[in-house]
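Here is a short briefing for a first look. Take the structure first, then the points by topic.

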Amino acid sequence: MSDTRQTVSRDEALTIVDRAVSEMSIAHEKLPVRDAVGRILAEDQLSRLQLPPFNKSAMDGYAILEGDKRDKYEAHPQTILAGDSRQPELRPGLAVKVMTGAPVPDGAGRVIPVEHVTAADDTIEVMRTSKTTHICRQGEDIQVGDVVVRAGTRLGAVEIANLIGCGITEVDVYRPIRLAVLSTGNEIVDDPGKLVHGKIMNTNGPMLAMLARRYSMDVVLEESIPDNLDYTVATIRKAVECADIVALSGGVSVGDYDFVGTALNDAGLEVHFNKVSIKPGRPLTFATKPGVAVFGLPGNPVSVHIMFHVFVLRAVAGMCGGESCLREIELPLGDDFRRRKTERMEYVPARLNDDGTVSAVDYHGSAHLTALTESDGFFVVPIGTSELAAGERVTFLSLLKGRR
Ligand code: AMP
Ligand code: MG
C-alpha cells in the first residue's frame, strides 16, 4: 500500500486537536474539597478569609508599641499563647510576652525575640536590636476575594491545603475524563502464560491505564484487539459510546494489517490527521465524533508515552478549560547531540542532571521502553537541526511534576 497521507506539523496537529476539543466540554460537579484531589477546578476559587487573619507574632518574644524604642521595658505578667484571643493593652515602656503564632496586642510595632533580651523579674533588657518586626501583618498573604487556585488547575496536596486554609470547603470540579484504552496487535498478549514465540507482552494498555490513573481519569474500557478490521470497527463503536477520549495503540501505520485508520472511518468518525512530522510518532492519528476525541497512537511504547503527554493530555486540558500539564523548560544540554535525518521534530528521552543540564538517555528507538525508566522527560530537536552542542539550550518537556 502506498502512503498517500498528508503530513501535518506538530503545531498544526496541536491546533487541530485544540479546535476539535474546544467544542467538547465536560460536566462539572461540586465536591467536598478533600474529595477533589486529582480533579481539575472548573472555577477560580476566591479566598473567604484574610491570611494571616490577625497580626501574628513570627517569633517567641516581647511585643512593644510601634516606635517605642528603649533599652529596658517593664514585662507584663501575662504571656499570650498561640490561639489566645485575650490581649493585654500595650502602653509605652511595656512589653508583652507573645509566643510564635499568637496575636500581638493592638498597636504592636515589633516583637523583640527572646534570644535578644535578658529577662529579670518584671523587666527585660534589650541586648541586640534588629530591623525585622517579627510580625506577620493581617492580610499580607491573602485578602478576602483573592484568587487562591485558578480554574483549570489540577488539585494536589498544596492546592487542597490552600483552599482549606482560605475557608473553602466545597469546590466545583470537572468530572473525571472517561478513557477507553484499546491495544491492537495480533502479537500482543496480556497473560505471560501465552508468550509463545512471536508474541510480546502488551505494555501499551497497562501504561495508558496507569497514566490515566495518574491524571485522575476513569478507564471505562480496556481491551486488547486482534488485527481484524470488523473487530476493530466494533470495538471502536463500543468505546466511543462510553468514553470522552479513546486511546488506541498500534495499527495506525500503512502495513497490510494496520486497520485503525480504516476502522475509524468505517465507525463513522471524522479523521483529522494521520501523519505528523514528529519522531517518534509519525503515524499519530486523530479522529472525532461529537463529544469524543479518538487518538490512534503508534504501537511502539515510547511513542505511546510521548504522544500521551503531548496530545492526549492536551485534549484533556482543552476539555476541562485548562492548559496542558506538560511543563516546558529551556535548559542547556549536558552533552553534544547528533542525528542524521532532520526532516522531523524529534522528542529525545532525557535525564535532568544534578547540574541543571539535560542529557539524552541511552535510547535505541521507540520500542526501547526501558530507556524511559532513566528519563525525566524529553527534549525537543527542531526540524532542520542535526547537531546540538553541549551548553546549547533545548526545550525540555519535564515529566517530573505537572503544574496542572
Ligand atoms: P504497529 O504500529 O502496530 O505496527 O506496532 C509497532 C510496534 O509496536 C510493533 O513492533 C508492535 O509489536 C509494537 N506494539 C504494538 N502494540 C504494542 C503493545 N500494546 N505493547 C507493546 N508493544 C506494542
Ligand atoms: Mg500492529
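**Backbone features**

Pro 52 sits in the loop that runs between strand E2 (45-46) and strand E3 (56-57). Strands (E, at least two residues) and helices (H or I, at least four) are DSSP runs, numbered from the N terminus. This is a predicted model: local features need pLDDT of at least 70, side-chain atom pairs count only at pLDDT 80 or more, and totals for chains, interfaces and linings use all residues. Residues are numbered from 1 along each chain as its sequence is written, chains are lettered from A and ligands numbered from 1 in the order in which they are written, and side-chain values use heavy atoms, with hydrogens and water left out.

- Leu 51 and Pro 52 are joined by a cis peptide bond, with omega about -10 degrees.
- A cis peptide bond also joins Lys 279 and Pro 280, with omega about -10 degrees.
- Pro 280 is placed in the loop between strand E19 (278-279) and strand E20 (285-289).
- Asp 121 is not a glycine, yet its phi is positive, at about 45 degrees.
- Asp 121 belongs to the loop between strand E8 (117-120) and strand E9 (123-126).

**Domains**

- The chain splits into domain 1 (10-27 + 176-319), domain 2 (29-50 + 141-174), domain 3 (56-136) and domain 4 (327-398).
- These bounds come from an automatic or database domain assignment.
- Between the C-alpha centres of domain 1 and domain 3 the distance is 65 Å.

**Around ligand 1**

- Ligand 1 is surrounded by 15 residues, each with a heavy atom within 4 Å of it.
- The closest are Glu 187, Asn 202, Thr 203, Gly 251 and Gly 299.
- By class, this shell holds three nonpolar, 10 polar and two charged residues.
- In that count Asp, Glu, Lys and Arg are charged; Ala, Val, Leu, Ile, Met, Phe, Trp, Tyr, Cys and Pro are nonpolar; the others, Gly among them, are polar.

**Atom pairs and cover**

- The side chain of Asn 202 has an N or O atom 2.8 Å from a nitrogen atom of ligand 1.
- Gly 251 places a backbone N or O atom 2.9 Å from an oxygen atom of ligand 1.
- A polar backbone atom of Asn 300 is 3.3 Å from an oxygen atom of ligand 1.
- Taken alone, ligand 1 exposes 480 Å², and the protein buries 75% of that; the areas come from the Shrake-Rupley method with a 1.4 Å probe.
- Strand E13 (178-184) and strand E15 (200-201) are the elements that give two or more residues to the shell around ligand 1.

Definitions and conventions: A polar contact is a pair of N or O atoms within 3.5 Å; within protein, one must be able to donate a hydrogen and the other to accept it, and residues adjacent in sequence count only if both atoms are side-chain atoms.
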